[in-house]
Amino acid sequence: AENEMKFVPIDPKASAALDRVKSLAGTWVSDAAPNDPGKSIVFHPTSGGTAVVETMFPGSASEMVNLYTADGNSIILTHYCAMGNQPRMKLEAANGKAMRFEYVGGDNIKSRDDMHMDSVTYTIDGDRLSEEWSSCADGKTVDHVVFAFHRAAK
């Protein structure tokens, strides 16, 4: 019928990458502050499995959200940053343990010289996860931070 909703299939490469992010579903606890829930992260598949929401540092003043969605044969991460901008990063490289996302544009960012998160690498090793974030301003990396997490016991 005319009113039926049509679904667009996700490219197999994008689907496989998104499945890796979906495999992170649940709560991850900070190695540095294991008793502080505001230092944890939570991954949650949504939208019929076509997107994943990551909430960083839930309930804290620095809570932020990352949204992962398919884009062609890759996936895009949109980082809703506490700095008030929304950089978009595309999955540029992946191997058995790591996924690297790099800046491709964003909202509330006039030029690449504006301060913004520019890249992130996720290293997944069983129940261990590290996130290596780099920020950029004036065309160069100005900060690099690594967060280490372990999967919370169920």
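Me: Helices (H or I, at least four residues) and strands (E, at least two) are DSSP runs, numbered from the N terminus. Where does F57 lie?
Reply: F57 lies in the loop between β3 and β4 (64–71). This is a predicted model, where local features need pLDDT of at least 70, side-chain atom pairs count only at pLDDT 80 or more, and totals for chains, interfaces and linings use all residues. Residues are numbered from 1 along each chain as its sequence is written, and side-chain values use heavy atoms, leaving out hydrogens and water.

Me: What is the mean pLDDT of the protein chain?
Reply: The mean is 92, and 94% of the residues reach 70 or more; pLDDT is the predictor's confidence in each residue, from 0 to 100.

Me: And which elements have the lowest and highest means?
Reply: Helix α1 (residues 12–22) has the lowest, 90, while strand β3 (residues 51–56) has the highest, 98.

Me: Back to F57: is this residue buried or exposed?
Reply: F57 is buried, because its relative accessible area is 6% (buried means under 20%, exposed over 50%, partly exposed in between, with a 1.4 Å probe and protein chains only). F57 also has a positive phi of about 55°, though it is not a glycine.

Me: What about phi of D138?
Reply: That phi is positive too, near 50°, and D138 is a residue other than glycine. D138 sits in the loop between β9 (128–137) and β10, and with a relative accessible area of 58% this residue is exposed.

Me: New topic: what is L129 in contact with?
Reply: Leaving aside neighbours within four places in sequence, the contacts of L129 include W28, F43, Y122 and F147 (contact means heavy atoms within 4.5 Å).
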